[in-house]
Amino acid sequence: MDIEEQLLIALSLILVFEGIVPFLYPQRWRQLVHRLAGLDDRQLRLAGLVCMLAGVVLLYLSR
């Protein structure tokens, strides 16, 4: 399996996982998005950094 194929699989899985919550719990998802809109830039950047670091750690542990 080449790198392009792996990247396509990874992006596909991201879309599947991102779609689960709004599909199963649309009202809760809407409330979450509303709360996220109220956060300041620093808090959103920190949340993004934590998510990226968690992803890097999971990738490292899976290899």
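Surface patches were built from residues with over 30% relative accessible area and no salt bridge, like charges being joined within 9 Å and nonpolar side chains (Val, Leu, Ile, Met, Phe, Trp, Tyr) within 5 Å. The structure is a predicted model, in which local features need pLDDT of at least 70 and side-chain atom pairs count only at pLDDT 80 or more, whereas totals for chains, interfaces and linings use all residues. Residues are numbered from 1 along each chain as its sequence is written, and side-chain values use heavy atoms, with hydrogens and water left out.

The protein chain has three helices and zero strands, the helices (H or I, at least four residues) and strands (E, at least two) being DSSP runs numbered from the N terminus. With a radius of gyration of 15 Å over C-alpha atoms, well over the 11 Å that the globule rule (2.2 Å times the number of residues to the power 0.38) gives for 63 residues, the protein chain is more spread out than a compact globule. Along the principal axes, its C-alpha atoms fill a box of roughly 40 × 30 × 20 Å.

A nonpolar patch on the surface is formed by M1, I9, L13, V16, F17, I20, V21, F23, L24, Y25, W29 and V33, which together have about 1200 Å² of accessible area (Shrake-Rupley method, 1.4 Å probe). Helix α1 contributes its largest share, eight residues; V16 is found in this helix.

The largest pocket holds about 440 Å³ of space. A pocket is an open set of points on a 1 Å grid where a 1.4 Å probe fits, with protein on both sides within 12 Å along at least five of seven lines; lining residues have an atom within 4 Å of a point. Of the 14 lining residues, A10, I14, G55, L58 and L59 are the closest to the pocket centre. The lining comprises eleven nonpolar, three polar and no charged residues, and α3 gives the most, with eight residues.

Technical notes
Grid points are joined across faces, edges and corners, and a volume is the space filled by probe spheres set on the points. Ala, Val, Leu, Ile, Met, Phe, Trp, Tyr, Cys and Pro count as nonpolar, Asp, Glu, Lys and Arg as charged, and the others, Gly among them, as polar. A salt bridge is a side-chain nitrogen of Lys or Arg within 4 Å of a carboxyl oxygen of Asp or Glu.
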